[in-house]
Structures are given as structure tokens and as C-alpha cells.
Amino acid sequence: MDKSKLTLLALAASAALTGCEPAQPSADEERAYVEDEAQKQVRQTLASDEEDRKKTLAELQSKDPSVKDVYFSYNEKGEKQVHIVKETADGQNSDTVWPLLGGMAAGYMLASAMNSMGGMNAYSQRYQPVGRSTYAEDERRRRMNSVSSANTTMMMNSARNSVRSSPNFQSKMSSTVMSSRSTGVMSGSSARAASHGSASS
């Protein structure tokens, strides 16, 4: 029997002994649970992306030292893309955007494919990028910060939907909330939500 079922059974037994029914999770507690679970998913995704980014950059730089950075973004359809930033002869930044297929390590797989064909220039003779632009260093940093923020927002929205659409969402959420109440241990988001609910009452 899993931990969530054991927790619910223990709470039910306690309620039977005391003669009172435990209060159902409040709206604030539910939102806090969803936020916590979504943040866990996003942290895992970002960690995986960062590992792929580093491997992708190293692979590209092994054949082309002019590659100075890579980063990921998502298009309007939610499809993942990789930006390959190269330093031009005049000190500007050439940012070429490529679509990514597959899941984990998709950036590294694309970089390996490019190198096997002789580099990005040779690869682009056969496959077309989805975008290309040139800008100064300060603009590169601004764009990367903007993309990073947009990525996190998109991931959090997707993760929240994923958490709520889980088949066992209600049982897991109730078990986690009830367990937090019984032990007095709450996560940062849960504690803030409970505090907010108390202040509002």
C-alpha cells in the first residue's frame, strides 16, 4: 500500500476516534500543492536543459571555436528550438535558430549531426534554420534574459496543467495537505497559502 493511502487511512481512523471529519483542503492549500508540484517539475526540466545546453555548446565548439553560446526557446506552438550564437568578424553576434526534434539531449543530437556534416554552415546548405539575426553583445544578454523568463513562465503553466490533469490528483493532493496538517510541516508555498488564508478570514 502506498504512502498516500496509508496517510488517508490514518487520518480517517483518527477522525473516527475523535468523532470529527477532517476538513477538506482549502482552495489556498490546493493552489499551494499545485504550485509546489509544478515547481518540482520545472526544476527537473531546467536542470535537464542546462545539462543538454552545456553538452551542445561543447560539441559545437569542438569543431567551430566561433560558437560562443547556445540557449533554448519555444515558439508560439510550444515547440522547442535551439539558438546557436556565433561571433562575427566585426564583433557582433549571429544568432541562428534551429528546430529541435525529440526529447532529452535534443540539442546535443543536433550539434552532433551538424559536426558529422562538416559544421553548421554545411548543415544549413541541406537544412534551413527557422530564424537568423545579428545584434550587439548587450542585446544578446537582454534577449537571453527575456527568453529565460518566457521559458520559465511557459513551463510553469504547462506543469500546473499537468499536475491538475493527473488521474490521481485529488487523492495525492488531499494526502499531502492532510499529512502537512498532521505533522505541522509545510513547504514554503503551502505555508504562505495557509497564512494568506488565515489573514483573509
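The model is predicted. Its sheet is open and has four strands, ordered β1-β2-β3-β4 with antiparallel pairing. Helix α3 packs on that sheet, and helix α5 lies across its strands β1, β2, β3 and β4. The largest pocket holds about 320 Å³ of space.

**Sheet**

- The strand order is β1-β2-β3-β4, and the pairing is antiparallel.
- β1 (67–74) and β4 (131–135) are the edge strands; each has a single partner, so one side of each lacks a neighbour in the sheet.
- On average, neighbouring strands are turned by 20 degrees against each other, direction ignored.
- Seven bridges join β1 to β2 (residues 80–87) in the antiparallel sense.
- D69 has V85 in β2 as its bridge partner.

**Helices on the sheet**

- Helix α3 (residues 106–116) touches β1, β2 and β3 (93–99).
- The direction of α3 makes about 110 degrees with that of β3.

**α2 with α3**

- The axes of α2 and α3 come within 8 Å and cross at roughly 10 degrees.
- An angle under 35 degrees counts as roughly parallel, and α2 and α3 are therefore roughly parallel to each other.
- From α2, the contact takes in D52, K55, T56, E59 and L60.
- From α3, the partners are A106, G107, Y108, A111, S112, M114 and N115.
- By class, this contact has five nonpolar, four polar and three charged residues.

**α2 with α6**

- α2 packs against helix α6 (residues 169–183) at an angle of about 105 degrees, with the axes 10 Å apart.
- That angle makes α2 roughly perpendicular to α6.
- On the α2 side, the contact is made by E29, E30, Y33 and V34.
- On the α6 side, F169, K172, M173, T176, V177 and R181 take part.
- The residues of this contact divide into five nonpolar, one polar and four charged.

**Largest pocket**

- The space in the largest pocket comes to about 320 Å³.
- The lining has 16 residues, and the closest to the pocket centre are R53, Y71, F72, S148 and N151.
- α2 (27–61), β1 and α5 are the elements that each give two or more residues to the lining.
- α5 gives the most, with eight residues.
- Seven lining residues are nonpolar, four are polar and five are charged.

- α2 contacts α3 through residues including D52 and K55, and α6 through residues including E29 and E30.

Terms used: Residues numbered from 1 in each chain as written. Predicted model: local features only at pLDDT ≥ 70, side-chain atom pairs only at ≥ 80, totals over all residues. Heavy atoms only, no water. Pairing = 2+ DSSP bridges. Axes fitted to C-alpha atoms, helices over the stretch in contact; angles between N-to-C directions. Contact = heavy atoms within 4.5 Å. 1 Å grid on protein atoms, 1.4 Å probe; cavity = no way out; pocket = protein on both sides within 12 Å on 5 of 7 lines; lining within 4 Å. Points joined across faces, edges and corners; volume = space filled by probe spheres on them. Nonpolar A, V, L, I, M, F, W, Y, C, P; charged D, E, K, R; others polar. Parallel < 35°, antiparallel > 145°, perpendicular 65-115°, else oblique.
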